[in-house]
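Here is a short report on one protein model. Please look over the sequence and the structure before reading on.

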Amino acid sequence: MKKVFTTAFIAMLSLSAFAQTKSDTLVVTTTPEMHCEGCENKIKKNIRFVKGTKKIETSVPNQTVTIVYDGRKTTYADYESAFKKIGYSVKKVKK
């Protein structure tokens, strides 16, 4: 019985290790610049559909869009394309 519990415990630990995903962060500025809540909403509503996107934060005062995503599922080029579809071009902000 002890062997069964030990095996089950090890199996659960290994599954939780596989469930964790690596997250990458991308910070970009947009052209044209965001100037209102409508701009922020347009970006958030459309960019969230890029495969692998986990979180999007926008900042009108800083003129930045911060995207947390799974780098195994998407690339910077995918985001460039998605922004272009809604009328924006993007440029990476150096960290």
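## A buried tyrosine

This is a predicted model. Tyr79 has a relative accessible area of 0%, so it is buried. Tyr69 is buried too, because its relative accessibility is 11%, under the 20% cut-off.

## The aromatic pair

A pair of aromatic rings is described by the distance of the centres and the angle of the planes. The count here comes to one aromatic pair. The ring centres of Tyr69 and Tyr79 lie 5.4 Å apart, and their planes meet at 65 degrees, so the pair is edge-to-face. Tyr69 belongs to strand S3 (residues 64–69) and Tyr79 to helix H3 (residues 76–85), so the pair ties together parts that are ten residues apart in sequence.

Another ring, that of Tyr76, has a charge over it: Lys92 lies over its face, at 4.6 Å from the ring centre.

## Helix H3

Which residues of H3 are buried? They are Tyr79, Ala82 and Phe83. Viewed down the helix axis, the buried residues of H3 fall within an arc of 100 degrees, so they line one face. The face turned away from that buried side carries the exposed residues Lys84 and Lys85.

The buried residues of H3 pack against S1, H2, strand S2 (53–59), S3 and strand S4 (89–92). Gly87 follows H3 and has a positive phi, near 90 degrees.

## The nonpolar core

In soluble globular proteins, nonpolar side chains tend to be buried together. The largest nonpolar core in this model has 17 residues. Ile43, Ile47, Val65, Ile67, Tyr79 and Phe83 touch the most other members. S1, helix H2 (37–47), S3 and H3 are the elements that give two or more residues to this core.

Val65 shows how such a residue is surrounded. Leaving out residues up to four places away in sequence, Val65 touches Leu26, Val27, Val28, Thr30, Met34, Ile43, Ile56, Glu57, Thr58 and Phe83.

## Thr31 in strand S1

Thr31 is part of strand S1 (residues 24–31). Is Thr31 buried or exposed? Its relative accessibility is 53%, so Thr31 counts as exposed.

What does Thr31 contact beyond its neighbours within four places in sequence? Its partners are Gly87, Tyr88 and Ser89. Gly87 is also the residue with positive phi that follows H3. Thr31 and Lys91 are 60 residues apart in sequence, yet their C-alpha atoms are 8.3 Å apart in space.

Terms used: Residues are numbered from 1 along each chain as its sequence is written. This is a predicted model: local features need pLDDT of at least 70, side-chain atom pairs count only at pLDDT 80 or more; totals for chains, interfaces and linings use all residues. Side-chain values use heavy atoms; hydrogens and water are left out. Helices (H or I, at least four residues) and strands (E, at least two) are DSSP runs, numbered from the N terminus. Buried means under 20% relative accessible area, exposed over 50%, partly exposed in between (1.4 Å probe, protein chains only). Contact means heavy atoms within 4.5 Å. Rings of Phe, Tyr and Trp (its six-membered ring) pair if their centres lie within 6.5 Å; planes under 30 degrees apart count as stacked, over 60 as edge-to-face and the rest as tilted. A charge sits over a ring if NZ of Lys or CZ of Arg is within 6 Å of the ring centre and within 35 degrees of the ring normal. A nonpolar core is a set of buried Ala, Val, Leu, Ile, Met, Phe, Trp, Tyr and Cys residues joined through side-chain atoms within 4.5 Å. The arc is that of the directions from the helix axis to the C-beta atoms.
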